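Here is a short briefing on how two protein chains meet.

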Amino acid sequence: MSRTYLGMPAFPRAAAESTRDGTLRANLRHATHTIRAKRAAAVAELEDWERLRAAGAAVKDRTLHHLDHYLPLLEENVTRAGGTVHWAADADEANRIVTDLVRATGEREVVKVKSMVTQETGLNAALEEAGIRAYETDLAELIVQLGDDLPSHILVPAIHRGRREIRDVFRDRMADWGRPAPEGLTDRPADLAEAARLHLREKFLRCKVGISGANFMVAETGTLVVVESEGNGRMCLTLPETLISVVGIEKTVPTWRDLEIYLQLLPRSSTAERMNPYTSMWTGTTDEDGPRDFHLVLLDNGRTDTLADEVGRQALRCIRCSACLNVCPVYERAGGHAYGSPYPGPIGAILTPQLRGLASPLEESLPFASSLCGACYEVCPVAIDIPEVLVHLRERVVEGGPVTVGGNRTVIRPAKRHALERAAMRAAGWAFDHPAALRRAQRLAARTRRVHPRRLPGPGRAWSDTRELPEVPEESFRDWWARTRGERP
Amino acid sequence: MTDGPAHSAGRARILGRVRRALADVPRYERPEDHPVPRDYLRAHGERTPAESVDLLAARLTDYRAVVHRTDPPGLPALLAELLRRRGAHRVVVPVGLPDGWLAEAAVEQVVDTAELTARALDAVDSVVTGCALAIAETGTLVLDAGPDQGRRRITLVPDHHLCVVRAPGQVVDSVPRALERLSPVRPLTWISGPSATSDIELDRVEGVHGPRTLEVVLVESPEPPS
Ligand code: SF4
């Protein structure tokens with residue numbers, strides 16, 4: 001069974017988890033620092049990086065500003081190439097469309113490529129309810145699925161699991177899902193990868209329905225692009241008879257030529273490679289090569305609400321490279337799960353509250369989960385000014401104002417002061433065991449206050465209201481959360 | 001399903017929301033009016049064709065593809081030798097594999113046809129194909145399912161892929177130059193090294209689902225006189 005993010009945050013789970021926190025933090029630190037250095041080298045190789053970045057941002061802006069032009073164009077070209085386009089205004093609609101499509105094939109199981117959008121809609125749970133089993137095929141997603149867990153990083157979703165834990169998960173759970181792990185499985189990464197290869201191959205060869213997302217959709221040609229490393233994407237995109245791709249409407253780019261920008265920006269920014277091992281591009285269906293039926297489900301689910309915010313809409317440029325996670329001091333401390341959605345880190349802090357609306361204390365707290373240090377903006381390959389959006393959203397939380405929810409414009413009231421302080425404190429909790437980061441953040445918050453002269457609560461305010469920094473022993477964000485929310489540790 | 005009422009309702013709702021969300025965009029503004037600076041480079045550095053081929057070889061190697069170089073007359077012997085070393089008995093080939101490439105190889109050739117199932121492919125040892133082009137700067141092979149490449153699945157399921165690149169003709173310098181030459185109408189597969197994962201403690205492991213061994217043969221013809 002796959003867990004969903006519904007009802008998050010539910011940080012404290014089992015006592016076992018708190019012991020895992022040390023591992024989590026060590027893994028995260030190791031991961032983010034390794035990727036960071038490699039990425040800088042891959043980016044430095046291109047002397048025109050800044051120009052590519054400017055072009056990448058501009059093409060996305062052009063698309064977003066004229067999405068009413070590009071979406072019908074995309075639909076027309078996908079249809080002309082033999083695909084079928086569906087429109088899903090929200091998660092339930094998307095899940096219903098996909099479930100119906102799978103049902104129509106008569107199949108009871110599907111193979112899936114890692115796709116954040118189907119995590120966002122909770123598709124696996126919906127399929128399960130309809131008696132359809134969805135197999136995650138990305139290695140990390142497989143680890144997460146077998147371990148009945150949630151992803152914690154965009155690029156390396158099982159970053160919070162060490163090799164020994166992965167071995168145990170494979171040994172104990174693979175048999176429940178299909179081919180069991182080989183006898184005497186070791187915790188060597190190569191052996192673990194081999195176990196996954198064998199376990200999944202059987203499913204690739206058997207399954208007649210594949211489900212994917214896409215990194216890009218080209219409006220003028222109707223082409224979809226999936227960028228990956230392991231080859232599980234190629235398996236799901238080419239072996240099944242029916243392919244269903246669920247894609248957020250913001251993944252559109254106008255022209256074929258525009259791919260020359262993103263296929264340079266994305267791999268270098270994401271995995272720090274000149275090019276990722278595999279990229280698949282397909283336009284509708286091709287006789288005798290790949291799926292006979294291709295369905296594209298275009299998903300809104302809060303994207304048009306985000307589009308309605310002139311400051312916040314830049315979040316829709318995101319190409320999900322995860323570079324902003326890897327430089328973020330808050331993410332490094334808090335871990336991916338703390339963000340309560342498939343989108344962790346700085347991008348999650350601005351995207352989730354906009355996609356879902358400032359609907360609960362979780363969403364209200366997310367814009368405060370930042371020290372506004374600006375590192376995320378510096379690395380973002382499409383130049384999303386994340387600090388600007390954070391400050392904008394904080395203002396919305398504090399002062400209220402117009403927002404669009406479910407396509408309707410409404411005005412939200414300012415968050416109640418005590419609720420707000422709690423939200424800010426929650427997000428800031430990580431910092432209390434990090435006085436240096438805290439001081440830096442306070443300085444930055446003070447600086448920002450000049451830009452936004454009215455009230456800027458948030459960590460700066462919350463912290464400055466704390467007369468004395470509490471002497472907190474080494475405590476993780478999760479533990480802190482558990483303690484302050486009074487939930488079972 | 002495209003014409004169902006649910007379909008058009010969802011479509012109308014989303015497009016309506018998009019239009020309302022974009023109320024600040026002037027009505028007269030056309031998409032092309034929104035400026036896109038395209039002053040980035042078409043390629044990074046100036047190279048002779050021979051230098052581009054050298055760079056391709058270096059970048060392929062960097063991503064753990066095994067690179068061999070030969071001239072056209074030497075190709076059949078080299079392919080035969082590589083398959084022998086690999087211990088390959090059954091080799092899948094696209095329908096349009098050029099005559100003679102496997103003339104010296106002592107292998108059973110399995111021709112890619114629509115009847116060839118994924119399971120049958122899983123039982124072959126190697127696949128030999130050409131490519132549409134190769135990108136020097138990134139060490140990338142691009143396959144477009146042309147007659148000398150076959151359906152996408154044949155370069156995916158077998159564990160060993162031998163890919164022939166005709167140099168310098170098929171070698172381009174950069175990603176922008178590659179896209180200029182490719183057709184979006186064809187299904188494309190871009191391959192940069194064997195499949196890999198870093199999902200376990202960020203340790204890079206070669207080969208998860210795609211071919212775990214990628215061998216590239218650069219067949220170098222003398223440069224045409226300029
Ligand atoms: S916001 Fe920018 S840096 Fe972060 S994941 Fe998206 S594109 Fe990458």
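A salt bridge here is a side-chain nitrogen of Lys or Arg within 4 Å of a carboxyl oxygen of Asp or Glu. By that rule, twelve salt bridges cross the interface of chain B and chain A. This is a predicted model: local features need pLDDT of at least 70, side-chain atom pairs count only at pLDDT 80 or more, and totals for chains, interfaces and linings use all residues. Residues are numbered from 1 along each chain as its sequence is written, chains are lettered from A in the order in which they are written, and side-chain values use heavy atoms, with hydrogens and water left out.

**Charge pairs**
- One salt bridge joins A:Glu194 to B:Arg212, with the closest N and O atoms 2.4 Å apart.

**Extent of the contact**
- Chain B puts 80 residues into the contact and chain A puts in 106 residues; contact means heavy atoms within 4.5 Å.
- The two chains bury about 8,100 Å² between them, 58% of it on carbon and sulfur atoms.
- Buried area is the accessible area (1.4 Å probe) that two parts lose on being put together, summed over both.

**Strand pairing**
- Strand β9 (residues 278-283) of chain A pairs with β9(B) in the antiparallel sense, over four bridges.
- Strands are DSSP runs of E, at least two residues long, numbered from the N terminus.
- Two strands pair if DSSP finds at least two bridges between them.
- A:Tyr278 stands opposite B:Ile191 in β9(B).
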